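Have the sequence and the 3D view open as you read.

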Amino acid sequence: MAWDWESKESKLHKKKNVSFNTGMARMGDLGKRKVKVLDESTDNNVSFFQKAEQVPEASDDSDEGSSFSDDEGEDSSSQDEEYVDEDDSEDDDSEDDSDSDEEKNDDQIEEVLDTVTQNDEYEYDSSDEEDVRNTIGNIPVEWYDDYEHIGYDVEGRKLIKPNHGDALDEFLQKADDPNYWRTVKNKLTGQKVVLSESDVRAIQRIQASTHPDGSEGLYAPWVDFFSNEVMNMPVTGRPPDKRSFIPSKWERQRVGQMVHALKMGWMKPRGEIRKLKLTQDPNAPSLDLWKEDNEPDITKRYRMHIPAPKEPLPGHAESYNPPEEYLFDEQEEAKWEAQEPEERRINFKPQKFSAYRSVPKYSQFVNERFSRLLDLYMAARQRKMKMNVNPEDLIPKRPDKKDLQPYPTREGMIYKGHTDMVRSISPDPSGQWLASGSDDGTVKLWEVGTGRCMTTLKFAGKVTYVSWNPNPAINLLAAVVGPTVILLNPGLVDKLVCSNTDSTLDKYEDDGDTAGKKSFVEWSTFDVLDQEKGLRIQVVHAKDVVQFTWHTKGDYFATVQQDGSKSQAVLIHQLSRRQTQAPFSKPKGLVQRVIFHPVHPYFFVATQQHIRIYNLVKQELHKKLQANCKYISSIDIHPGGDNIIIGSYDSRLCWFDLDLSTKPYQTLKYHKKALRQVAFHKHYPLFASASDDGSVIVSHGKVYSDQLLNPLIVTVKVLRGHKTTNHISVLDCKFHPTQPWIFSSGADSTIRLYV
């Protein structure tokens, strides 16, 4: 008789009293766990229900003859399907008649289930995933310490704990197993788990109170989307041409010609050419005496084809009805006929016809065609290789401005007090005080940090130059007023330094040796009243002094007089001996600026277009530099002594590497008007230039100790703030001796500090 599956499973549920959600849902779960056992015992991959179906068929051979079948359309091996009992709509008589057969089939199913569940489930569990089953419920796992099992399975049977051995086995395993130290016990299942390398590292990080996954990838890189930096735009904003991403029409035609030549047999692949070379006898005589290579002519023709140059298109002069301005007059026609054919601008005379049909045949057509063909045949042509260069690659790579800090970026303070243009400024060696000289005839001493004017000294004329003595042991300031150089002690620093300054100046004693010698200047001291104001010594020259510079040690200073072509144009003075000498009998050129070398006994003299370097010990010319500019206005030397910069009135700044060449290493032309002053920083790799365009440009100038590396020159900041007065703006600029700050003075009678 037919087997009623759903009603049978309902009875099986009642008989075993197992907590299934529905009858076949839990049976499907059990079939999921045990179907691998049936696969191990039989070679055929048969599902659990197909295996159970064979049991009633075996009893059919003996005496019952019943069949075990499923409902149509049902998947007997489904593990997730939930079966629901149908309504008992069948007749009671048919159910009573099949009770006896169903009891027998029930016993047979139980036998199959017992056979399936006899084996240990851990023996056939081949899953690599972690066992996360809850076999004990919501109770402490310590309750199973005294029992041999841990929890129960789906059918309510005990799950036996794995055998771990006694203390002796534990000791032997500890000695033999290299992974014993990383083996832990799973409390939920009782199994031993070997920790991986990642697990061990995570535990070590937790013990060290760090992140379990490590510090890699914890913090994403910061992207400064909202920045004050201006993006560098490309050279051109034009979108790429269409031809840059579309295949070339000419390449397609060339490939088509080569394919056609291959089909016709005119051109052969390289493999066939190589085979022909192997088959040919290398000692066989060649019939082509002028042949230079073994490449086929047809291949060379397609590979090295050079198209003929195109003739220019005809213009208005070649028209049959040209405009009047293209027609020759009598003078032009006579001049054209008198010229040789090679000298003529055009090789025909423009003519005018009333209609196109009136134009006669061109008489020189055959001659011109012959000349054209002769030129193509005789003239040697060469293929030009076209280079595809990215415009961005032509721009030199410059470092980021953030990597070049510190440098002055903004205006920090304005010093106001002068009533006329401030021609010169100079900070003292400590960086605490600032001296300024103006056309209003005053020298003002400022406190850098507060901007307060500490002292004002009034003179009879314009103050054209001020400069502090670079020796920090003395406090001495030099001011140039017309032809007089005045040395004064401001008395702003420590009293010990001020007294040391006066004692140094008082050490001089006139021994009378200079009485008979010719003196270029007049040395004198001030009276008592003037000394109370701070005035100490004055050096009177024959003409106005246009420049003043100190030696690094502070004992020597040099001056340049206005008439720079005579022997007294450049004078070198010694403060300790009160002596003056003229190093040049007649300077070559009009002297503009002079400066001492910071280390070696070299003296730099800048004329209008050249810089001459003299050795003061040997008293000879050491080197001559060519400035490549019209009129030199300022000069400064790097603290290392191997590089100098000059500014000129033609808006150029030239950097010279004395070890490299006598010509400028680099010429910068970023100012629009004349340069008034250039300056190096003593400690930072910075240099600046001041111009009449109202700007002070600060640049990064890194000089490497390695002789193989060239200096790195990068413009970093343009500082503005001074106003232009009578076409004059910034007159002087000086760096702070210790900080990356810069002072500037201008024609607007202000001094500005940029930090």
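In which loop does Gln619 lie? Gln619 sits between β21 (610-615) and β22 (620-626); helices (H or I, at least four residues) and strands (E, at least two) are DSSP runs, numbered from the N terminus. Before going on, note that this is a predicted model, where local features need pLDDT of at least 70, side-chain atom pairs count only at pLDDT 80 or more, and totals for chains, interfaces and linings use all residues. Residues are numbered from 1 along each chain as its sequence is written, and side-chain values use heavy atoms, leaving out hydrogens and water.

Back to that loop. Gln619 has a positive phi, near 55°, and is not a glycine. Arg578 also has a positive phi, near 60°, and lies in the loop between β17 (570-574) and β18 (579-581). Buried means under 20% relative accessible area, exposed over 50%, and partly exposed in between (1.4 Å probe, protein chains only). Here is how that works out for a few residues:

| Residue | Relative accessible area | Class |
|---|---|---|
| Gln619 | 69% | exposed |
| Arg578 | 13% | buried |
| Cys629 | 6% | buried |
| Cys654 | 0% | buried |
| Val594 | 0% | buried |

Zooming out, the protein has 14 helices and 33 strands. Of its 755 residues, 34% count as buried. Contact means heavy atoms within 4.5 Å, and among contacts between residues at least 6 apart in sequence, 49% join residues at least 24 apart.

Now for the inside. A nonpolar core is a set of buried Ala, Val, Leu, Ile, Met, Phe, Trp, Tyr and Cys residues joined through side-chain atoms within 4.5 Å. The largest one has 18 residues, and those touching the most other members are Leu476, Val485, Leu487, Trp523, Phe548, Trp550 and Leu575. Two or more residues each come from β11 (477-481), β12 (484-488), β14 (535-540) and β15 (545-550), with β15 giving the most, 3 residues. Beyond its neighbours within four places in sequence, Val485 has contacts that include Ile537, Val539 and Phe548. Gly482 lies in the loop between β11 and β12 and, setting aside residues up to four places away, touches Lys462, Asp544 and Val545.

Val594 belongs to strand β19 (residues 593-596). Leaving out neighbours within four places, its contacts include Thr549, Val560, Val570 and Phe604.

What about the cysteines? A disulfide is a pair of cysteine sulfur atoms within 2.5 Å, and by that rule the count is 0. For Cys629, the nearest cysteine sulfur is that of Cys654, 4.9 Å away.

There is also a pocket to look at. A pocket, on a 1 Å grid over the protein atoms alone, is an open set of points where a 1.4 Å probe fits, with protein on both sides within 12 Å along at least five of seven lines; lining residues have an atom within 4 Å of a point. The largest pocket is lined by 38 residues, with Glu318, Asn347, Phe348, Tyr362 and Glu368 nearest its centre. Helix α12 (residues 365-378) supplies the largest share of the lining, 8 residues.

Pro406 is in the loop between α12 and β5 (411-416).
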